[in-house]
Amino acid sequence: MKLYAHPFSSYSQKVLIALYENALTFEYHNLESPTVKAELASLWPLKRFPVLVDQGHTLLESSTIIEYLQLQHPGPSTLVPTGEAGIEVHMLDRLFDNYVMTPMQKVVLDKLRPATEYDGFGVAEARTVLDKIYPWLDERLRGRTWAAGEHFTLADCAAAPSLFYADWAHEIPPACSQLRAYRARLLTHPSVARVVDEARPYRHYFPLGAPQRD
């Protein structure tokens, strides 16, 4: 397998967590390399990542890649359960991507624009979404170790990078103690800790200033 990804990319980290969780062997094509960027462009003209190439298949989008890995390269950890349990895992995966990752990226990417192009209205909207989803997630996590219960799943692969960066961009308030504790648990989970450590050399890319507390 070949994975085209960047260590500091949240969606790349989502897939890397799944790969590390099941100790899968793959070639890491780091997009820091100009030649790797050219390869990516030949595979996917939008040049979004991560992209997985395996057995003649080119897989796009992080959730799809993780589902493919479970189907074609199953390991000891079942990240996408079947049946009713799988429905909640899929739902939470989409919620973390759409309502934590997306607004977090809005806040962050706005700072990469020229000052004359800042989108104050869009950033305010994004912060409002985070203000609403944090308490909802806090309550959802009551009595749970992981996002969907007692087993680490696709939902946690999505939660880890989204909450990691979201707390930097728009801090999780102290009142959301369960959500803050969950984020802390994620950061000590071996596969998550590994991607965080691999990304440390690239923290200068974070335009808001990366805190040193994590």
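In what follows, helices (H or I, at least four residues) and strands (E, at least two) are DSSP runs, numbered from the N terminus. Axes are lines fitted to C-alpha atoms, for helices over the stretch in contact, and angles run from 0 to 180 degrees between N-to-C directions.

Colleagues, this is a predicted model, in which local features need pLDDT of at least 70 and side-chain atom pairs count only at pLDDT 80 or more, while totals for chains, interfaces and linings use all residues. Residues are numbered from 1 along each chain as its sequence is written, and side-chain values use heavy atoms, with hydrogens and water left out.

I begin with helix 4 and helix 5. The axes of helix 4 (residues 83-110) and helix 5 (residues 120-140) come within 9 Å and cross at roughly 145°. The crossing of these two helices is left-handed; that term applies if the near helix is turned anticlockwise from the far one by less than a right angle, and right-handed applies if clockwise. Which residues in helix 4 and helix 5 meet? Among them, helix 4 has Leu92, Phe96, Tyr99 and Val107, and helix 5 has Val123, Leu130, Ile133 and Trp136. By class, this contact has 16 nonpolar, 1 polar and 5 charged residues. Here Ala, Val, Leu, Ile, Met, Phe, Trp, Tyr, Cys and Pro count as nonpolar, Asp, Glu, Lys and Arg as charged, and the others, Gly among them, as polar. Contact itself means heavy atoms within 4.5 Å.

Helix 4 also meets helix 1. The axes of helix 1 and helix 4 come within 11 Å and cross at roughly 145°. Ser10, Tyr11 and Lys14 of helix 1 make this contact with residues of helix 4 including Asp93, Arg94, Asp97 and Met101. By class, the contact of helix 1 with helix 4 has 3 nonpolar, 3 polar and 4 charged residues.

Asp93 deserves a separate word. This residue of helix 4 is buried, with a relative accessible area of 1%. Buried means under 20% relative accessible area, exposed over 50%, and partly exposed in between (1.4 Å probe, protein chains only). Leaving out residues up to four places away in sequence, Asp93 touches Lys14, Ser63, Leu154, Ala155 and Ala158. The C-alpha atoms of Asp93 and Ala159 are 66 residues apart along the chain and separated by 7.4 Å.

I turn now to the nonpolar cores. A nonpolar core is a set of buried Ala, Val, Leu, Ile, Met, Phe, Trp, Tyr and Cys residues joined through side-chain atoms within 4.5 Å. The largest one has 64 residues, and those with the most contacts inside it are Leu19, Phe96, Leu163, Leu179 and Tyr182. Elements that each supply at least two residues of this core include strand 1 (2-5), helix 1 (10-21), helix 3 (62-72) and helix 7 (177-188). Which helix gives the most to this core? Helix 6 does, with 12 residues. Apart from this core lies another, of 5 residues, among them Tyr4, Leu31, Val36 and Val51. As for Phe96, its contacts beyond four places in sequence include Leu137, Ala155, Leu163 and Tyr182.

Next, helix 8. Ser191, Val192, Val195, Val196 and Ala199 in helix 8 are buried. Why do they lie on the same side of helix 8? They do so because they cover an arc of only 135° around the axis, the arc being that of the directions from the helix axis to the C-beta atoms. An α-helix has 3.6 residues a turn, so residues three or four places apart point the same way. The buried residues of helix 8 pack against helix 1, helix 6 and helix 7. Val192, with a relative accessible area of 1%, touches Ile17, Phe152, Ala160, Leu186 and Leu187, not counting residues up to four places away in sequence.

Finally, the loops. The loop between helix 2 (34-43) and strand 3 (51-54) holds Pro50, which a cis peptide bond joins to Phe49, with omega about 15°. Lys47 is placed in the loop between helix 2 and strand 3 and has a positive phi of about 60° although it is not a glycine. Lys47 is partly exposed, at 48%. Ala23, in the loop between helix 1 and strand 2 (27-30), has a positive phi of about 50° and counts as exposed at 66% relative accessibility. Cys176, in the loop between helix 6 and helix 7, is buried at 5% relative accessibility. Beyond its neighbours within four places in sequence, Cys176 is in contact with Tyr134, Pro135 and Asp138.
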